[in-house]
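Please keep the sequence and the model at hand while reading.

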Amino acid sequence: MADRRAPPSGATGALARLVLDDDPRQQIRIARSLTSMLMYVVCLGIAEYCLQQDMADRTATRLLQCSMIGWMAVVYGTLRSGLNLRFADPSLTFIQIMAAGGCITIAYAIFAPVRGALLMLLALTLVFGIFNLDRLGRRIYNSCVVIGSGLTMFTLSHFSPATHPPEVETVHFVLTATILPIMGMLSDQLRAIRSRLHAQRDELEAALARIHELATVDELTQLPNRRHAGELFAHMTRHAERKGSPLTVCMLDLDHFKRINDSFGHSAGDAVLVRFAETASASLRDSDVIARWGGEEFLVLLPDSDARQADLTLMRVREALAGQRLLANAEGGTVTFSAGLAQMRAGESPEQALERADFALYRAKSEGRNRSVISG
């Protein structure tokens, strides 16, 4: 899922890009990894404290500390360099959690006096993989930690019962074997809730897209509807004014369309509208706009075209229609249209231009149809 937050700016943003990454997704992965490394920092602090209090072997402690620092450097370097993108899980969640579990288990064996406090860190590691670690990964982690810690506790209680009493190790093992599965169950529930929320969000976005489509697209012809056409006309008018370029609006009306509905039925009339829309659209430029204005009326917007050029464009549409049989069951089957054209004038509103085009259309129909009239 894409990160929708705005990237930080200024000195903070520069520092974030330096430490993290320019890619927002990589920034999130690195930030999460650095947050999870706080657990290593805690372990390093505990190790140093135990060492200063003579509660741990110096050699083993230093080796563990160096291993944790080295591992943190490897993980950060992999993420910061982008090598993580070669893995199926770019966040490297499973690898990091397994390594953390191993470090905690080793620390448990080294720092006997404070080993009980380390048990909570085993459960804490799962928190960082709640959303990125799948059920199989959690089960593998839980199994490895329970088995690994169980063997460690058994070995320590068997060979060092004075520092690791069997009864204490038994309690620790029971807690470990109980808490980790419970954490896994909670993780499954949280993932299920997250999945439902994502599904609901997707359904909402689909519904909003459908609502937007219904509000802007004519359901029959799939052309822009009257409302959206008005918005496009206003936008194109402003654009033409800024550029100082011509813009011509055309009102088209299919000739004798009522006769088609009365003779062949409304389904045939709908089919004619759809085929006309397809044919006319194919005859126009990508920058031109054709919209269903209402009934059998269509609005055509021709940017960078004066009235004469627009008239030539409509002639191409007529020629394309002449080669089409829009009425399959009718003799001839051709359909014609009348058109009124109005080139936008300086300071003229879209409504005024539409009124002139509509009046020109009325003249075209009254003069015999199947023709275009340019508004004076």
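The model is a predicted one.

**Nonpolar cores**

The largest nonpolar core has 38 residues. Those that touch the most other members are Tyr-40, Met-68, Phe-111, Leu-122, Tyr-141 and Leu-180. At least two residues of this core come from each of helix H3 (38–52), helix H4 (58–81), helix H5 (93–110), helix H6 (115–127), helix H7 (135–159) and helix H8 (166–216). The most is given by H5, with eight residues.

When neighbours within four places in sequence are left aside, Leu-180 is in contact with Leu-122, Ala-123, Leu-126, Tyr-141, Asn-142, Val-145 and Val-146.

**Arg-356**

Arg-356 belongs to helix H13 (residues 350–366). Its relative accessible area is 13%, so Arg-356 falls under the 20% limit and counts as buried. Apart from neighbours within four places in sequence, the contacts of Arg-356 are Ala-342, Gln-343, Met-344, Arg-345, Glu-348, Ser-375 and Gly-376.

**Salt bridges**

Side chains of opposite charge can pair when their charged atoms come close.

| Pair | N to O distance |
|---|---|
| Arg-62 and Glu-48 | 2.9 Å |
| Lys-365 and Asp-253 | 3.7 Å |
| Asp-262 and Lys-258 | 2.9 Å |

Arg-62 is partly exposed at 32% relative accessibility, and Glu-48 is partly exposed at 27%.

The salt bridge between Lys-365 and Asp-253 links distant parts of the chain, with Lys-365 in helix H13 and Asp-253 in strand S1 (residues 247–254), 112 residues apart. Lys-365 has a relative accessible area of 29% and is partly exposed, whereas Asp-253 is buried at 5%.

Asp-262 and Lys-258 both lie in helix H10 (residues 257–264); because they are four residues apart there, about one helical turn separates them. Asp-262 and Lys-258 are each exposed.

Salt bridges also form a network, which links Arg-135, Arg-138 and Asp-188.

How values were computed
Residues numbered from 1 in each chain as written. Predicted model: local features only at pLDDT ≥ 70, side-chain atom pairs only at ≥ 80, totals over all residues. Heavy atoms only, no water. Core = buried A, V, L, I, M, F, W, Y, C linked by side-chain atoms within 4.5 Å. Buried < 20%, exposed > 50% of the residue type's maximum accessible area, 1.4 Å probe, protein only. Contact = heavy atoms within 4.5 Å. Salt bridge = Lys/Arg side-chain N within 4 Å of Asp/Glu carboxyl O.
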